Amino acid sequence: MSDNQEIQTAGAMPTTYDPKAAEAKWYTYWLEGGYFAAGTRPDAETYTIVIPPPNVTGMLHIGHALDCTLQDILIRTKRMQGYDALWLPGTDHAGIATQTKVEQKLREEGLSRYDLGREKFLEKVWEWKDHYADTIHEQWGKVGFSLDYSRERFTLDEGLSRAVREVFVNLYEKGLIYRGNRIINWDPAARTALSDIEVEYKEVQGALYHLEYPLKDGSGHLTVATTRPETMLGDTAVAVHPEDDRYKHLIGQMLLLPIVGREIPIIADEYVEKEFGSGAVKITPAHDPNDFEVGLRHQLPQVLVMDESGKMNANAGPYQGMDRFDCRKKLVNDLKEQGVLLKIEEHVHQVGHSERSGAVVEPYLSTQWFVSMKPLANKAIEAQNTGKGANFVPERFARTYLQWMENVRDWCISRQLWWGHRIPAWYCADCSETIVSQTDVSVCPHCGSENLKQDEDVLDTWFSSALWPFSTLGWPDETEDMKRFYPTDVLVTGYDIIPFWVSRMIFSGLEFTGQIPFKDVLIHGLVRDSEGRKMSKSLGNGVDPQEVIEKYGADAMRYMLSTSSTPGQDLRFRWERVEQARNFANKIWNASRFALMNLEGFSYEDIDLSGKMSTADRWILHRLNETVREVTRLIDQYEFGETGRVLYNFIWDDLCDWYIEFAKLSLYGTDEAAKKTTQSVLAYVLDRTQRLIHPFMPFISEEIWQHLPHEGETILLAPWPIFDAKWEAADAVEEMDLLMDIIRSVRNIRAEVNVPMSKKIELLIRPADQAANDILNGNQEYLRRFCNTSSLDISLDLANPEKAMTAIVTGAELYLPLAGLIDISQEISRLEKEVQTLTAEVERVDKKLSNEGFVAKAPARVIEEEKAKQQDYSDKRDKVLARLAELRG
């Protein structure tokens, strides 16, 4: 068949695959068909994933693409397996992050949120949210995510807001939410409190300042050290250990605080480590969490020396109005002048920075709302330790989760923002009562006053995110979705938010539904650049998923990301790997196109696998069957990298490089029955192959499947292939292995001596035994075609030709007479190298089998396999040595 005939016969399937056209066409088709919707199989077992909701702060990054691709692979697989599969989409309002973005935009216009007022500002943020939610929708579509948009949620929508109030009030009434003065992490740039896990610690080159505080009676001084000298203005004591003999006689005496001259006591507290530094510690209850606790024990004053913007306040005396870092410089100079600055040491230490604004975080005494965490954490810890918790994949991340839970501190949940769930607490100006309510309050239930004011603060974004797996399904109402789809099956997320989010969802789920919210927690790593660096704006090494899709198509990006990942491990983004994935997609396209050229007029009903099959037909069905079993098992185990390897090997090697070539003999032959059988096998295998690859490459698989003989409206709903023992054909595998080994060996010899495939050769084969002889004689057609022989001689009694190229394969010896092919001296040199290689293998196996430790510990099966290798290598070497002797003789 000529090239022109092939193109014409290919009909509607173009010569090359056009990702852009296919992606736009099929996503629209899927949406319009409602194929992503759950609830259409009421009698089926459910499978549920709730998407980790992206923040409405901007464009999705390559990490989102990885995270959601893994989820889509799972949901598409389960949907094809017949489950009532729900993948619930949604977005997060991301309080501080989104508000910061909108405030930045306002600043460019010369405005602040205070110029607009709360109501008008929130209108601006909702406009931002609507714009970026649409952008996120568009990006989800570009990557092909099969989300049930009919159930989409937003953390500030009416239903979720009601769930948030229900939880807040419930915890408040249980005494697990309280309001109090405590040291919190304060972001002076965003002017809001932060929870501990919103603080990012960075190594900073700083200084340790050693100061001398004089005793009031002039009899001496105590030396203290600090990295934040500006906070000394808020010192209200110096602490020493009660058993420190150096200072016992000074306990209770007064010191004079340098600069401000305030009298402060020397107190005894076991918090102080006698061996550390001078053994004396300055105590600043309003600016250090440990000092705060010491201050409570000793009833010390709490002197706050900064305002919410990080500027020094009236308690800082002469430094009032200065930025905290400017104050530090000026204060250090003043301390030098007073002669109380003993020394300054360079000091590298960890300094907390706001994850959102980047500002240095200030430990700050403030009135905030907190969740009392220990009672909630203890339930989650007990569940995990008694086998009733979530199954972390990889298992080691369960330890990360437990460590956070076991060391948890009370959670500061109030934020000094406008965008978010406003705290449902009202303060009565007349009777000073606090009213916490699920519904808005206009009259004080205690005194009847209408002079009420709602708390200005909003809740930490993670408070609503913690409820995501059940609030999205309708909780606190007992909805049909809640009853049917909760708890969910798997959470797919990165290891970096186990404390932020995973932990909080687990204790919230246990507290409010009595169940762990997901059976499995699949942890993936971060997507790093090709050098292993974290992607960041400052490095300029980020990768935009849209750019990848534009260049190589969504399927190539999905396949590269998913099959390059191992659970829990970071992956490196390499453009060449995306290109390889694109090439793989093209290989699938070209193979399918060839098949279609030979399936003209062939329908799905014509597929008949009951006829007599060739060795190649039976072999490819066996290999497909094995691939179905392995792919299904590996996806269930979340081993997407291994799944990709199995699919690649089957499609590229077995199907494209071998079976399709072998099939041409029947397809182009005169035996109509054989042709019909091969057409059936080809159509069947390609159909099942598209189904297996579909979760990874949804667009190209749908495009090909629609061209193939098929039944059904979309591959998305086509039944997942299942392992079927009737296709097991170990004998066909043995036959094909021998044939492929011979063909490869002949091709290698041709390449070695530069004999083109187009040149016919004489081939002599001596089978190792009668079984091999039967196989080879029964498949001469394949050998003649793919070795391109002028003559083929297969015989158990074959005499060694005097001068010939040789190859030894398991089951046969091959001879290619040298006449017109090669130089004998070159062949001797080649065989000598082969002897060296085989000798090295023999010695390697001998060494292993002589190792008593290996023999004692290895399973019997492994030892037998090694012995078989030993024999095989030895036999091959003996035959090569014999051939060398012949050539030299």
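**Helix α19 and its two partners**

Guide: Helix α19 (residues 615-636) packs against helix α23 (residues 730-752) at an angle of about 110°, and their axes lie 8 Å apart. That makes α19 roughly perpendicular to α23, a label given to angles of 65 to 115 degrees, whereas angles under 35 degrees count as roughly parallel, over 145 as roughly antiparallel and the rest as oblique. Axes here are lines fitted to C-alpha atoms, for helices over the stretch in contact, with angles from 0 to 180 degrees between N-to-C directions; helices are DSSP runs (H or I, at least four residues) numbered from the N terminus. This is a predicted model, in which local features need pLDDT of at least 70, side-chain atom pairs count only at pLDDT 80 or more, and totals for chains, interfaces and linings use all residues. Residues are numbered from 1 along each chain as its sequence is written, and side-chain values use heavy atoms, with hydrogens and water left out.

On the α19 side, Thr615, Ala616, Arg618, Trp619 and His622 meet residues of α23 including Val733, Met736 and Met740, where contact means heavy atoms within 4.5 Å. By class, the contact of α19 with α23 holds seven nonpolar, two polar and three charged residues (Ala, Val, Leu, Ile, Met, Phe, Trp, Tyr, Cys and Pro count as nonpolar, Asp, Glu, Lys and Arg as charged, and the others, Gly among them, as polar).

With helix α21 (residues 672-693), α19 packs at an angle of about 15°, with the axes 10 Å apart, and the two helices are therefore roughly parallel to each other. Among the residues making this contact are Leu624 and Val628 of α19 and Val681 and Tyr684 of α21.
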